[in-house]
Amino acid sequence: MTFKVAIIGRPNVGKSTLFNRLVGRKLALVDDTPGVTRDRRVHAAKLYDLHFDVIDTAGFEDAGASTLPGRMRAQTEIAIREADLIFFTIDAKSGLLPDDRTFAEIVRKSGKPVVLVANKAEARGAQGGMLEAWELGLGEPIPVSAEHGQGMPDLRDAVIEALGQARAFGEDEDGEDEEAAANEVLIGEDIADPDAEPAYDDTKPMRIAVVGRPNAGKSTLINALIGEERLLTGPEAGITRDSISVDWDWRGRRIKLFDTAGMRRKARIHEKLEVMSVQDGLRAIRFAEIVIIVLDATIPFEKQDLQIADLIIREGRAPVIAFNKWDLIDNPQELLAELREKTERLLPQARGIQAVPVSAETGRGLDKLMDAVLKTHKVWNSRVSTGKLNRWLEAILTHHPPPAVAGRRLKVKYVTQAKTRPPGFVVQCSRPDAMPQSYVRYLSNSLREAFDMPGVPIRIALRTSDNPFAGRAKKR
């Protein structure tokens, strides 16, 4: 079993920078603005030969429970309870502040082993802050520079001393990173045999990103799905800044949920921190398989909602729409019919997209939402044999042949599926550059209808090479 380390401290002491250093990747947003981190984030980390899970937390602030800083503090207190070891982090450059002493007392009362991390120790004047750190009564301060990677050997030795040799090395060290292994399973190569139609594998982990405009209820929806207050929520818009991943088990299926920052129109984004948050959300979309687009049912289909959906489809992800705040709707049946009609009309590039009314506050519709996610994921992974495709193509060409361009009839020879996730098809034809886009859309829509592939992007590539089987016939 691996152990957990929580990085605790007041705002702006470099907790997220240390988190990124231990993880080996820039996962957490880092900025000079105090209080960038709000939710707690957990990830596998490595410190030389030590393997553990590290928890990034919001800056500890003394505030009322109902305020945003108070709710952030509650998330940090949960991290303290979950952790086996605490990195109490101070800013050696600025020295101790009153909050450092207050929160050191809270950490001491937790009874957990503590390593006192004096960050920014490379700065001029940091020696004074190091000497002050002894006053906290948490043992010897370990000077580090999370930004430059200095002091990591001493930090490693401090972990072993705090936990003990047996506990620090008690986990299985088979050298395999669990998440990397999951990524290999998810990314995978497409099946070599184009005629194979493999059964859907419901044992593989699934990655789901939850996106939408600010205050649509994304974090509340994830909390409702997993059944705990894992993510920070509240009436304020834009609470979530980082893309936070949450591991979840649904009906025996391993799922990683990604919460993302609310995406406003580009013209309204002025602060550097919000730009970073949106970029982090875009990375989560590219890394996901299914993307749940959360729309506020009281004000659905704003221009930004459609732009988000279009981005997801262009990235080749599989979209599912959740009409949230359904508990606030007075005429649900009438509105649902209207919203589904708008969905088909406004998102023709993903015809048949699954759209489910939900209420994250009351928990209504969550099972139906996950059923829609699973159905869409199956379609996104589907493969059609070359034989079936060409029988379909023959019928299509008889019913509606391609048009003549510049007096010459375009010839479509055959079609095969080149990839899945999303379904991608290669159509061999005589002059790809002359093929009208209207006819390509016709092929795409006919494919979707004939092989029951609603709601996912379909990619069609036009090629001009000869049928690969034709050469064999000539050689005989």
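1. Let me begin with strand 2 and strand 3 (residues 50-56), an antiparallel couple joined by seven bridges. Within that pairing, K46 has H51 of strand 3 as its bridge partner. Strands here are DSSP runs (E, at least two residues), as helices are (H or I, at least four), numbered from the N terminus; two strands pair if DSSP finds at least two bridges between them.

2. Before going further, please keep in mind that this is a predicted model, where local features need pLDDT of at least 70 and side-chain atom pairs count only at pLDDT 80 or more, while totals for chains, interfaces and linings use all residues. Residues are numbered from 1 along each chain as its sequence is written, and side-chain values use heavy atoms, leaving out hydrogens and water.

3. The couple belongs to an open, mixed sheet of six strands, ordered 2-3-1-4-5-6. Strand 2 (41-47) and strand 6 (142-143) are its edges; each has a single partner strand, so one side of each lacks a neighbour in the sheet. Helix 3 (residues 98-110) packs on this sheet, with contacts to strand 1 (3-8), strand 4 (85-91) and strand 5 (114-119). Contact means heavy atoms within 4.5 Å.

4. A further open sheet has three strands in the order 15-16-17, again with mixed pairing. Its edges are strand 15 (412-419) and strand 17 (459-463), each with a single partner strand, so one side of each has no neighbour in the sheet.

5. Strand 16 (residues 424-429) pairs with strand 17 in the parallel sense over five bridges, and F425 stands opposite I460 of strand 17. Helix 14 (residues 437-450) packs on the sheet, touching strand 16 and strand 17.

Conventions:
Axes fitted to C-alpha atoms, helices over the stretch in contact; angles between N-to-C directions.
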